[in-house]
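This briefing goes through one structure by topic. Please look at the sequence and the 3D view before reading the points below.

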Amino acid sequence: MTINDHQQWLVDFYTHRNWYQYSPFVHVAILTEEVGEVSRAVRANEIGRDHPGEKAATSAEKRANLKEELADTLDLVLVLSSLYDIDAQDLLEASEKKLTARFKNEK
């Protein structure tokens with residue numbers, strides 16, 4: 001599956017669930033929530049969580065959770081880009097172009 005295929009799959013999935021019609025502001029709010037969950041997952045992996053209401057997670061469980069939260073965050077970025085008619089592949093190319101230009105004088 002390509003990133004563009006996944007972006008279209010997300011649009012179809014979100015449309016079917018009546019989520020796609022939400023404004024970009026709503027999707028940014030959800031993205032912000034997901035980024036917080038990424039932060040929590042990274043914390044759990046790096047320094048652990050000392051929380052009496054949670055059972056201790058294994059390394060595999062922590063890694064799986066981080067993967068899930070990163071995927072959720074990526075999905076929201078792809079949905080937002082679709083709402084603005086920005087192709088997912090173009091995001092990758094824009095990133096490489098910007099960074100290459102910014103650091104062109106470095107080896």
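Helices α1 and α4 (residues 88–102) pack at an angle of about 135 degrees, and their axes are 7 Å apart. The two helices therefore count as oblique to each other. The model is a predicted one.

**Contact of α1 with α4**

- On the α1 side the contact involves Ile3, Asn4 and Gln7, and on the α4 side Ala88, Gln89 and Leu92.
- Sorted by class, this contact holds three nonpolar and three polar residues, and no charged ones.

**Contact of α1 with α3**

- The axes of α1 and α3 cross at roughly 80 degrees and come within 9 Å of each other.
- Because angles of 65 to 115 degrees count as roughly perpendicular, α1 and α3 are described as roughly perpendicular to each other.
- From α1, the residues Ile3, His6, Gln7, Leu10, Val11 and Tyr14 take part. They meet Asp75, Leu76, Leu78, Val79, Ser81 and Ser82 of α3.
- By class, the contact of α1 with α3 has seven nonpolar, four polar and one charged residues.
- Ile3 and Gln7 are among the α1 residues that meet α3, and both are also among those that meet α4.

**The chain as a whole**

- The secondary structure consists of four helices and zero strands, and along the sequence the pattern reads α-α-α-α.
- The radius of gyration is 17 Å, well over the 13 Å that the globule rule gives for 107 residues, so the chain is more spread out than a compact globule.
- Along the principal axes, the C-alpha trace spans about 50 × 45 × 30 Å.
- Of the 107 residues in the chain, 21% count as buried.
- Among contacts between residues at least 6 apart in sequence, 74% join residues that are at least 24 apart.

**The nonpolar core**

- In soluble globular proteins, nonpolar side chains tend to be buried together.
- In this model the largest nonpolar core has 10 residues: Leu10, Val11, Tyr14, Tyr20, Leu31, Leu76, Leu78, Val79, Leu80 and Ala88.
- The elements that give two or more residues to this core are α1 (3–16) and α3.
- The largest share, four residues, comes from α3.
- Leu78, one of the core residues, touches Ile3, His6, Gln7, Leu10, Ala88 and Leu91, leaving aside residues up to four places away in sequence.

- Thr73 is found in helix α3, which covers residues 59–83.
- Its relative accessible area is 15%; Thr73 counts as buried because the cut-off for buried is under 20%.
- Leaving aside residues up to four places away in sequence, Thr73 touches Leu31, Glu34, Val35 and Val38.
- Leu31, one of these contacts, also belongs to the largest nonpolar core.

**The loop between α2 and α3**

- Arg49 is placed in the loop between α2 (24–46) and α3, and at 27% relative accessibility Arg49 counts as partly exposed.
- Arg49 touches Arg40, Arg43, Ala44 and Glu54, not counting residues up to four places away in sequence.
- Arg49 and Leu74 are 25 residues apart along the chain, and their C-alpha atoms are separated by 24 Å.
- Ala57 lies in the loop between α2 and α3 too, and with 40% relative accessibility Ala57 is partly exposed.
- The C-alpha atoms of Ala57 and Gln8, which are 49 residues apart along the chain, are separated by 34 Å.

**Positive phi values**

- Most residues other than glycine have a negative phi.
- Asn18 has a positive phi, near 65 degrees, and is not a glycine. Asn18 is found in the loop between α1 and α2 and counts as partly exposed at 48% relative accessibility.
- Asp85 also has a positive phi, about 55 degrees, although Asp85 is not a glycine. Asp85 lies in the loop between α3 and α4 and counts as exposed at 73% relative accessibility.

**A serine in α4**

- Ser95 is found in helix α4, and at 35% relative accessibility Ser95 is partly exposed.
- Ser95 and Gly36 are 59 residues apart along the chain, with their C-alpha atoms separated by 23 Å.

Conventions. Residues are numbered from 1 along each chain as its sequence is written. This is a predicted model: local features need pLDDT of at least 70, side-chain atom pairs count only at pLDDT 80 or more; totals for chains, interfaces and linings use all residues. Side-chain values use heavy atoms; hydrogens and water are left out. Buried means under 20% relative accessible area, exposed over 50%, partly exposed in between (1.4 Å probe, protein chains only). Contact means heavy atoms within 4.5 Å. A nonpolar core is a set of buried Ala, Val, Leu, Ile, Met, Phe, Trp, Tyr and Cys residues joined through side-chain atoms within 4.5 Å. Axes are lines fitted to C-alpha atoms, for helices over the stretch in contact, and angles run from 0 to 180 degrees between N-to-C directions. Angles under 35 degrees count as roughly parallel, over 145 as roughly antiparallel, 65 to 115 as roughly perpendicular and the rest as oblique. Ala, Val, Leu, Ile, Met, Phe, Trp, Tyr, Cys and Pro count as nonpolar, Asp, Glu, Lys and Arg as charged, and the others, Gly among them, as polar. The radius of gyration is taken over C-alpha atoms; the globule rule is 2.2 Å times the number of residues to the power 0.38.
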